[in-house]
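Thank you all for coming.

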Amino acid sequence: MKKLGIIAGGFKPFHVGHFSKVCLALQECDHVIISFGKGERKKGSKLFYSRDMCQEVFPIVSQSLKDRFKEKITTKIADVSPVRDVFGIIAARAFSPFDDDIGYDVDFIKSFDSIIVYGSEDDAEKYTRHFGTDKEEKYFGDLVSNNQLFFETDSRFDKSADALKTDNHYHGEEWHFWDRLRVAQTRGTDVRTSVVQDNFNEFASMMPSIFDDNQKQSLFNILKGGVNENAWCSYIFSFRRS
């Protein structure tokens, strides 16, 4: 049974908590698609994450993931939104014929027997709210009724923490389960705070092992462009442009 994993999110920025989810998906699936959002983020932070910033960060993250996992992974910036990508990929697998341009290889998607979508409980709610309703077949065809579509929330992070053992960096004697669990629970808020506080060492500790020191520094410098006065100027410019 070939399984296709999907991870979709804003990734502002991509950090080791996200990476642990990727490790889990690769452990359970034959291939993983990661859809990156390009939406801006200002509310609740002193760091403004702009669309331009996303375009700068994505190539670094994408290439690093592909260098590590090769043909087992597909990365893409969502044309509209990550949620739309998830629905599009599921529809491509569920319905025949399927002629919509979703930005992915439809024949490749159809080659898998089942799909697992990884995310938070809130993410799962966006999709599973249609289960058991008259919209279930509209969005998912018979995938749900045939047990070919699943949503993995891993709310306790224990599976993600365990999956980090598959990465050599988190497999040494100094890395116990509770250390990996702490890493898997990394939050974007903490990463952005480290940038706002100009604390590179703290920032670097929350970046996954796929990044070398130069890449971590490059990501930090990109994100620093969205702090304080720079953030306000970027926000105003983006608002006027929209």
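Let me begin with what I mean by a cavity: on a 1 Å grid over the protein atoms alone, it is a set of points where a 1.4 Å probe fits but cannot get out, and its lining residues are those with an atom within 4 Å of a point. Its volume is the space filled by probe spheres set on the points, which are joined across faces, edges and corners. Please keep in mind that this is a predicted model, in which local features need pLDDT of at least 70 and side-chain atom pairs count only at pLDDT 80 or more, while totals for chains, interfaces and linings use all residues. Residues are numbered from 1 along each chain as its sequence is written, and side-chain values use heavy atoms, with hydrogens and water left out.

Searching the whole structure gives two cavities of 30 Å³ or more. The largest holds about 40 Å³ of space, and the residues around it include Phe11, Phe14, Tyr49 and Cys54. Helix α2, residues 51–69, contributes the largest share of that lining, four residues; helices here are DSSP runs of H or I with at least four residues, strands are runs of E with at least two, and both are numbered from the N terminus.

The second largest cavity has a volume of about 30 Å³, and among the residues lining it are Tyr118, Asp123, Tyr127 and Glu152. Here β4 (114–118), α5 (121–128) and β5 (149–152) each supply at least two residues, with α5 giving the most, three.

How many disulfides does a search of the whole structure find? Taking a disulfide as a pair of cysteine sulfur atoms within 2.5 Å, the search finds zero. For Cys23, the closest cysteine sulfur is that of Cys29, and because it lies 13 Å away, it is too far for a bond. Cys23 is also buried, at a relative accessible area of 4%, where buried means under 20%, exposed over 50% and partly exposed in between, with a 1.4 Å probe and protein chains only. Cys29 is likewise buried, with a relative accessible area of 4%.

Finally, helix α3, residues 82–94, has 13 residues and reaches 18 Å from its first C-alpha to its last, close to the 18 Å expected, that expected span being 1.5 Å times one less than the number of residues. Because 11 of the 13 residues of α3 are buried, the helix is largely enclosed by the rest of the structure; among those buried are Pro82, Asp85, Phe87 and Arg93.

Key: 1 Å grid on protein atoms, 1.4 Å probe; cavity = no way out; pocket = protein on both sides within 12 Å on 5 of 7 lines; lining within 4 Å.
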